[in-house]
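Please open the model in a viewer and keep the selection tool at hand. The stops below proceed from one selection to the next.

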Amino acid sequence: MQRAVLLLCWLPLLNHCHAVNPGCSCVVYSSSDRPQGGTFTSPYYPKPYPSNIDCLLYTFIGQPDEIVKLTFHHFNIRRARSDCVGGDFLKVFLHLEGSGVSEYTPWSGVLCGDLRDVPQVLYSSRSTLILEFHSQESSSSNATGFFGNFHFIDRRLFETDGVLIPGTMCDLEFVSSQSKRQYGRFYSPRYPSSYPKNIRCSYLFRARLKERIRLFFEEISLQKGDLSCLNRADLIRVHDGTDSGAATIAMLCNQGAEVEVLSTGSDLYVEFVANSEWPGQGFKAMFQFQPFDEPAPAGQGRPRGRYR
């Protein structure tokens, strides 16, 4: 009872979430009430958060055409185990179909430790994002919790310009035409949120006669690993042709930025394979259909850019 009274004093908007998860308390941040976004904190921040927080939900709800962006500026939750399961932790739900969670809802990650131990920016893939905060009954640390900002972003900013191939989940085709603009964007699934596990997507680019394709990967953030891409679970392959049997002219993994790839002919095929247990944010890229007589940078067809 004392814990409930303390939390109610801390958050005037706190309410009991009977329809969401019985036993949880929650605070709701809505795009309707705060279209410009705002801040969110753990109880009593910057003082240490109380012990015995059984279930406190932070629910961020945007409009149907919006996604949620969270940025942590401070993070300090006592770590009891390396995997953060048990003890004090913050559970993250990024890919929700509705506006609530239950004990059976799959989560995207569990966070604890310091700011360097967690992703500083989180995006939802749909209009709702939920954080679930717990602290142990016996917790007596001086951990100060978290502080951050939230914003609601137009999800249409991340729409891929290609056409989905019928009967597939994420295979897209981009065809050059006089009636369409000669450039556009394409993204990994759910970008800028994390991509799904165990997926394979393709992006087929078909230029007209006497045209080639230029790709420019602005950001790449896949599962981290060693420098070699040969044994990576998450990988981008670029083939100089119409399918995966064509010559591979680029193989991208880990993290990178400003990577450019040019086709030698009028077709280019991109494969994105993700089999890791902990997916990354993915990639955002631009494409352009350009005449062959347009000057090409040195090293045509080879990937160039900052890569790590």
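Select Lys197 together with Trp278: in this predicted model, Lys197 lies over the face of Trp278, at 5.9 Å from the ring centre. Then select Lys91 and Trp107, where the charged end of Lys91 sits over the ring of Trp107, 4.1 Å from its centre.

**Aromatic pairs**

Next, display the aromatic side chains; the count comes to 31 aromatic pairs. Select Tyr58 and Phe146, whose ring centres are 5.4 Å apart and whose planes stand at 65°, so the pair is edge-to-face. Tyr58 belongs to strand E4 and Phe146 to strand E11 (residues 145–154), so the pair ties together parts that are 88 residues apart in sequence. Tyr58 and Phe146 are both buried.

Move on to Phe174 and Phe205, an aromatic pair that is stacked, with 4.4 Å from centre to centre and 15° between the planes. Distant parts of the chain are linked here: Phe174 is in strand E13 (residues 171–175) and Phe205 in strand E15, 31 residues apart. Phe174 is buried, as is Phe205.

To see an aromatic cluster, select Tyr29, Phe40, Tyr49, Tyr58, Phe60, Phe72, Phe75, Phe133, Phe146, Phe150 and Phe152, which form one such cluster. Tyr58 and Phe146 from the edge-to-face pair are among its members.

**Disulfides**

Now display the cysteines; how many disulfides does the count give? The count comes to four disulfides, and the tour visits Cys84–Cys112, Cys170–Cys201 and Cys229–Cys253.

Select Cys84 and Cys112, whose sulfur atoms are 2.0 Å apart in a disulfide. The torsion about their S-S bond is about -80°, so the disulfide is left-handed. Cys84 is found in the loop between strand E5 (66–77) and strand E6 (89–93), and Cys112 in the loop between strand E7 (109–111) and strand E8 (113–114), so the pair ties together parts that are 28 residues apart in sequence. Cys84 counts as buried at 5% relative accessibility, and Cys112 counts as buried at 2%.

Select Cys170 and Cys201, a disulfide with its sulfur atoms 2.0 Å apart. About the S-S bond the torsion is about -90°, so this disulfide is left-handed. Cys170 lies in the loop between strand E12 (163–164) and E13, while Cys201 lies in strand E15, so the pair ties together parts that are 31 residues apart in sequence. Cys170 is buried, with a relative accessible area of 14%; Cys201, at 0% relative accessibility, counts as buried.

Select Cys229 and Cys253, where the sulfur atoms of the disulfide are 2.1 Å apart. The link is left-handed, with -85° about the S-S bond. Cys229 and Cys253 are both buried.

**Backbone details**

Turn to the loop between strand E14 (183–187) and strand E15 (199–206), the place of Pro192. The peptide bond from Tyr191 to Pro192 is cis, with omega near 10°. Arg190 lies in the loop between E14 and E15, and its phi is near 70°, a positive value in a residue other than glycine. Is Arg190 buried, partly exposed or exposed? Arg190 is partly exposed, with a relative accessible area of 33%.

Lys210, in the loop between E15 and strand E16 (211–221), has a positive phi near 70°. Lys210 counts as exposed at 66% relative accessibility.

Finally, select Tyr45 and Pro46, which are joined by a cis peptide bond with omega about 10°. Pro46 is in the loop between strand E3 (38–41) and strand E4 (56–61).

Terms used:
Residues are numbered from 1 along each chain as its sequence is written. This is a predicted model: local features need pLDDT of at least 70, side-chain atom pairs count only at pLDDT 80 or more; totals for chains, interfaces and linings use all residues. Side-chain values use heavy atoms; hydrogens and water are left out. Helices (H or I, at least four residues) and strands (E, at least two) are DSSP runs, numbered from the N terminus. Buried means under 20% relative accessible area, exposed over 50%, partly exposed in between (1.4 Å probe, protein chains only). Rings of Phe, Tyr and Trp (its six-membered ring) pair if their centres lie within 6.5 Å; planes under 30 degrees apart count as stacked, over 60 as edge-to-face and the rest as tilted. A charge sits over a ring if NZ of Lys or CZ of Arg is within 6 Å of the ring centre and within 35 degrees of the ring normal. A disulfide is a pair of cysteine sulfur atoms within 2.5 Å.
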